[in-house]
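Hello,

Please find the structure below.

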Amino acid sequence: MPSLFRLPGAFALSAFALACGARTNLGGATGGAAKDAGVSAEDARASTDDTGASFPIGTYSRCAFGTVATGPFLIPSGFDPGATLTVTQSGEARTATYIDNNGRSAIWSFTTTTSASATLAPSAQRTRGFGSSICVYGVGVSNERFFPTNLNAASGALTYESGAVFVSLRGELTSHTDCGDTSAPASAWIGCTSGPAPAVSAPTSAAPFPIGEYACASQVGTHATLDGKNAFISSGGGGALTLTPTGPQVTAHYVGDAELTGALDLTLNAAATASAVANQILTARCGLGPQTDMLSITAASLTAEDGTVFLSLAGTINGGSACPGTEKIAALVCTKK
């Protein structure tokens with residue numbers, strides 16, 4: 001009789017060619033942490049005075065993605081070379097269409113809340129999930145069978161900052177397999193750069209945000225040049241995030257993770273999402289080894305969805321460093337301690 005197989009944990013690289021990649025299964029960041037009493041991102045978004053503003057539309061062509069969930073799933077993360085995310089408009093609605101490197105698409109509908117943010121449309125939205133579930137029938141790869149997953153997104157946000165767009169989704173990952181139906185709470189994210197870059201910013205507001213201390217799983221996509229070839233490296237870790245407010249700004253201080261460390265200042269808007277103040281630096285791992293250098297942040301976004309906080313970011317390691325030009329798109333998926 002087939003049995004469920006659980007991927008034992010995250011691992012880094014698989015192979016070199018013109019690209020490198022990995023599949024990760026990061027547990028521990030998807031628990032059902034409750035929202036702070038009296039704090040509701042949905043309620044805050046509903047009160048915005050910027051509804052219907054012109055959230056940027058167009059196609060973003062450098063993308064990374066990931067999912068954080070526990071269970072019998074094989075879940076990829078990191079850069080998706082050739083993938084695109086296209087934002088289209090119909091009145092106040094925005095549709096985000098993600099087409100991966102294999103030509104498969106996933107579509108989500110959002111309602112515009114400010115000129116730089118939108119919230120997932122109220123009805124639950126089901127799309128294909130990133131990755132597969134696995135049944136194991138015996139010893140050896142030939143005795144494994146993979147099954148598609150679906151992501152049932154119950155809440156989410158679409159945010160824009162400086163030519164980058166970030167999707168943050170919270171819901172349930174499901175799959176129908178020979179081993180039975182499987183499901184687990186899941187957090188999915190997409191970050192894409194190289195898109196339209198109008199000078200758009202949402203009205204600043206000291207909107208309520210669930211501040212405090214969080215435990216996080218990181219998923220990092222790295223695009224580097226190794227031995228003259230393109231390398232796409234997927235990696236991840238875990239750390240502690242502290243969110244501290246000062247009026248309309250939130251300082252996000254992240255420690256304990258070999259992938260990324262440091263602090264970012266982000267400015268809250270009327271929809272209770274936040275974007276990064278320009279010209280900030282984090283410390284990031286260069287690529288394969290333990291060596292680190294300064295990562296210049298080009299865009300970052302902070303959102304809260306159903307008790308889970310997403311800190312999404314994009315940046316490039318500065319020239320003159322140990323790994324100049326290395327590009328990263330990453331997300332921290334965090335739950336309250």
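This is a predicted model: local features need pLDDT of at least 70, side-chain atom pairs count only at pLDDT 80 or more; totals for chains, interfaces and linings use all residues.

Residues are numbered from 1 along each chain as its sequence is written, and side-chain values use heavy atoms, with hydrogens and water left out.

Strands are DSSP runs of E with at least two residues, numbered from the N terminus. Two strands pair if DSSP finds at least two bridges between them.

Strand β7 (residues 93-99) and strand β8 (residues 105-114) run antiparallel and are joined by 7 bridges. Y98 stands opposite A106 in β8. The two strands, β7 and β8, form a hairpin with 5 residues between them. In that turn, G103 has a positive phi of about 85 degrees.

β8 also pairs with strand β9 (residues 117-120), in the antiparallel sense, over 4 bridges. Here T114 has S117 in β9 as its bridge partner. This hairpin, formed by β8 and β9, has 2 residues between the strands.

S133 counts as buried because its relative accessibility is 1%; buried means under 20% relative accessible area, exposed over 50%, and partly exposed in between (1.4 Å probe, protein chains only). Leaving aside neighbours within four places in sequence, S133 is in contact (heavy atoms within 4.5 Å) with several residues, including P72, F73, R145 and S175.

Regards
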